[in-house]
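Subject: Structure handover

Hello,

I am passing this structure on to you. Please look it over first; my notes on what was found follow below.

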Amino acid sequence: MGPSLLSLISADEMNKALYPAFQHLTKCLGVSTLTSDVLYLKLSAILQSYYLYHYNSSLTEHYWGVSRSYLTPSSKSSMPVSCDSLTPKSHAMPVRLIKVLKVLGCLETVLVPFINQKLGNIHNDQYHGDDLTKVKEVLARVYPYLNLTVTITNALIKLGYFLHYTESFSIATSLLGIKYNSSTPVTRTKLGLLRGLIELLFPISMFYVQFIKQWSSIEGVSPYEATIKPPPPYKTGGGTPDICPICDEKFRIPTAVPSTGIVYCYVCIFTHVQKSGVCPVSHLPVGTTELIKLNIR
């Protein structure tokens, strides 16, 4: 009998929370958005590959006591992911196929939540009235309908799994032929004490970071904004206060960075932040959604 629907949903939701928690943590440490994304993709790919290779499950699936198996084209039954139980001669093709499916499963585990979060950010940028490129504008318009379609389809697949009509859990697992089995939870004693402690505390710390992020958004002050000391006001060579530090011309749609109070032209600062993710004067991290247009007459 396979794992419960609750275990699969919990593992999936925990996996979706990895990227936002990591992004918020690196932002508090002053890491730019681009560097944070690259770092996350590398670390996540290494970590998920390790767990898929050694435990036949992703990090969060392993935590919830779930393992994977694959339905190969050569046999219409579930074949275990572990390649050790297969002999090279009689099952050479299935072994190669399963290794390919493991790689695709790793990419699905890492990239799907990442891409979904990025598309959601682009949609939020449009909602806040930010200027977007033509490609991003199209993505922002398509995203709500695409997200709704995927959500409804995944909900129907989950309902089918709950009613035992299907062994798949989502669109991706259905396309990859992934089936889930119950395994020994991480909290039991097969793992070393130190590794078990780390794996137990990891999701707890992740949810703690998410809780701090939500709490700070309610309070209206981000933790990294509360701990930094902004630099003194920027002074231009001519001493005039209405000059943009980037283009050295008078403000066109003056826009402030909230963590520092420094004012720029909207197009100048938006373009710079979109590329680098930091304030050009203070070099503190900032996102395009945090920029504030000023009504100065």
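A residue is called buried here if its relative accessible area is under 20%, exposed if over 50%, and partly exposed in between, using a 1.4 Å probe and protein chains only. By that rule, 40% of the 297 residues in the protein are buried.

The model is predicted, so to speak of a local feature requires pLDDT of at least 70 and side-chain atom pairs count only at pLDDT 80 or more, while totals for chains, interfaces and linings use all residues. Residues are numbered from 1 along each chain as its sequence is written, and side-chain values use heavy atoms, with hydrogens and water left out.

Overall layout

The protein has nine helices and six strands. These are DSSP runs numbered from the N terminus: helices are H or I with at least four residues, strands E with at least two. Contact means heavy atoms within 4.5 Å. Among contacts between residues at least 6 apart in sequence, 55% join residues at least 24 apart.

Helix H1 and its two partners

Helix H1 covers residues 5–28 and packs against helix H2, residues 33–55, at an angle of about 140°, with the axes 10 Å apart. Axes are lines fitted to C-alpha atoms, for helices over the stretch in contact, and angles run from 0 to 180 degrees between N-to-C directions. Angles under 35 degrees count as roughly parallel, over 145 as roughly antiparallel, 65 to 115 as roughly perpendicular, and the rest as oblique. H1 and H2 are therefore oblique to each other.

The crossing of H1 and H2 is right-handed. A crossing gets that name if the near helix is turned clockwise from the far one by less than a right angle, and is left-handed if anticlockwise. On the H1 side, the residues in contact are Asn 15, Leu 18, Tyr 19, Phe 22, Gln 23 and Thr 26; on the H2 side they are Thr 33, Ser 36, Asp 37, Leu 39, Tyr 40, Leu 43 and Gln 48. Six of the residues in this contact are nonpolar, six polar and one charged. In this count Ala, Val, Leu, Ile, Met, Phe, Trp, Tyr, Cys and Pro are nonpolar, Asp, Glu, Lys and Arg are charged, and the others, Gly among them, are polar.

Two residues of this contact can be followed further. Thr 26, in helix H1, is buried at 5% relative accessibility. Leaving aside neighbours within four places in sequence, Thr 26 is in contact with Val 31 and Ser 36. Ser 36 lies in helix H2 and is buried at 1% relative accessibility. With residues up to four places away not counted, Ser 36 touches Phe 22, Gln 23, Thr 26 and Val 31. Thr 26 and Asp 37 are 11 residues apart in sequence, and their C-alpha atoms are separated by 9.6 Å.

H1 also meets helix H5, residues 134–162: the axes come within 10 Å and cross at roughly 150°. Leu 5, Leu 8 and Ile 9 in H1 are in contact with Lys 158, Tyr 161 and Phe 162 in H5. The residues of this contact divide into five nonpolar, no polar and one charged.

Positive phi values

Asn 56 has a phi near 55°, a positive value in a residue other than glycine. Asn 56 sits in the loop between H2 and helix H3 (59–63) and is buried, at 17% relative accessibility. Ile 253, also not a glycine, has a positive phi of about 60°. Ile 253 is in the loop between helix H8 (223–227) and strand S4 (254–256), and is partly exposed at 48%.

Cysteines

A disulfide is counted where a pair of cysteine sulfur atoms is within 2.5 Å. By this rule there are zero disulfides. Cys 268 is in no disulfide either, the nearest cysteine sulfur being that of Cys 247 at 3.9 Å. Cys 244 is buried at 0% relative accessible area, and Cys 268 is buried at 15%.

Pro 245 is in the loop between H8 and S4 and is buried at 16% relative accessibility. Pro 245 and Cys 268 are 23 residues apart in sequence and 9.2 Å apart from C-alpha to C-alpha.

Regards
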